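Reader: I would like to learn how to read a protein model. Please take me through some features one at a time.

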Amino acid sequence: MSNYDILIIGAGPAGLSAAGYAARAGRSVIALDKLSPGGQLMTIDEIENYPGLGAVSGFKLAEDLQKQAESFGAKVDFSEVFSIKKNKDADFTVKTDSGEINAKAIIIATGAEHKHLGVKGEEEKAGKGVSYCATCDGPFFKGKDVVVVGGGDTALTDALYLSKIASSVTIVHRRDEFRAQKAIQDKIEGKDNIKKKMKANVVEILGENNIDGVLLDTGETIKCSAVFIFVGIKPNSEMFKGFVDIDEQGFIKTDPFMRTSNSGVFAAGDVRNTPFRQVVTATGDGAIAAHGADEYINESEK
């Protein structure tokens, strides 16, 4: 059985940031991910809005975050976590597909998954015109025609953002009215380059190498260069139910110090109840969680 000061579940930007900060503080650290380190970064062709870097591929940023964490002494490993048990001495035992690991503190950084439409062309063009983040990818489609799918606050807010960049924005929503706040809907009405297609569903994303348009279940085709999908996100928090407090949407509840309801357990990034989900906020969460975990261990060892 291996022993570490801090075990991090998830090696996306939040997890890798936490690993680097914790290792730099002198802690023994392991970050586990059942997939490749990087999380959602691995699906992003290019990131322009990470402070100080300019344009960088998601793969390159993930690689650099991992290398930096490892340079400070953190271990990043491919392993799936099955369960966590808090012991009487306040340490934790984590069962993985490669054995059990003991840790003095846990950081949950398992992220969230964007809900997908599940239509033809969506997976093939992810990161190549299909996007789930307007602020990340909108600037790449300046002066182009784009489609936004969804009818909630996020969909309409991001449609407003895209309307400042794109030539036209067409919102496709399956209902006959939006679910977004009325104040946001009123702003939509005042935009000449925003169109609405209500009571319609996207059934296929068209094009070979690039996106040419979308096919609706009404039989209509809308020409566009990008499709922004905002039909909700699903936090990867299922295995932590009963272990930490989770809100009604499935996000782990934390305080500003990333502490959960279970002492010694912290959460960072998209899996927690944060008001804004970006790479930069995830890395910030990771740094705070690492600092909190370090302080927790200091206090518990007094």
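Reader: How many residues lie between β13 and β14, and which residue in the turn has a positive phi?

Author: Some ground rules come before the answer. This is a predicted model, in which local features need pLDDT of at least 70 and side-chain atom pairs count only at pLDDT 80 or more, while totals for chains, interfaces and linings use all residues. Residues are numbered from 1 along each chain as its sequence is written, and side-chain values use heavy atoms, with hydrogens and water left out. Strands (E, at least two residues) and helices (H or I, at least four) are DSSP runs, numbered from the N terminus. Two strands pair if DSSP finds at least two bridges between them. Here, β13 and β14 form a hairpin with four residues between them, and Gly-219 in the turn has a positive phi of about 95 degrees. The two strands run antiparallel and are joined by three bridges; Gly-213 has Lys-223 in β14 as its bridge partner.

Reader: What joins β12 to β13?

Author: Four bridges join β12 (residues 202-206) to β13 (residues 213-216), and these strands run antiparallel. Val-202 has Leu-216 in β13 as its bridge partner. This hairpin has six residues between its strands, and Gly-207 in the turn has a positive phi of about 125 degrees.

Reader: Which order do the strands of the open sheet have?

Author: In a regular strand the side chains alternate between the two faces of the sheet. The open sheet here has five strands in the order β8-β15-β9-β10-β11, with parallel pairing. Its edge strands, β8 (130-131) and β11 (194-197), each pair on one side only. Four bridges join β10 (residues 168-172) to β11, and Ile-171 has Lys-196 in β11 as its bridge partner.

Reader: At what angle do α4 and α5 pack?

Author: Two packed helices are described by the angle between their axes and the distance between the axes. Axes are lines fitted to C-alpha atoms, for helices over the stretch in contact, and angles run from 0 to 180 degrees between N-to-C directions. Helix α4 (residues 153-163) packs with helix α5 (residues 182-189) at an angle of about 35 degrees, with their axes 10 Å apart.

Reader: Which residues meet there?

Author: Contact means heavy atoms within 4.5 Å. Asp-153, Leu-156, Thr-157, Ala-159 and Leu-160 in α4 meet Ile-184, Gln-185, Lys-187 and Ile-188 in α5.
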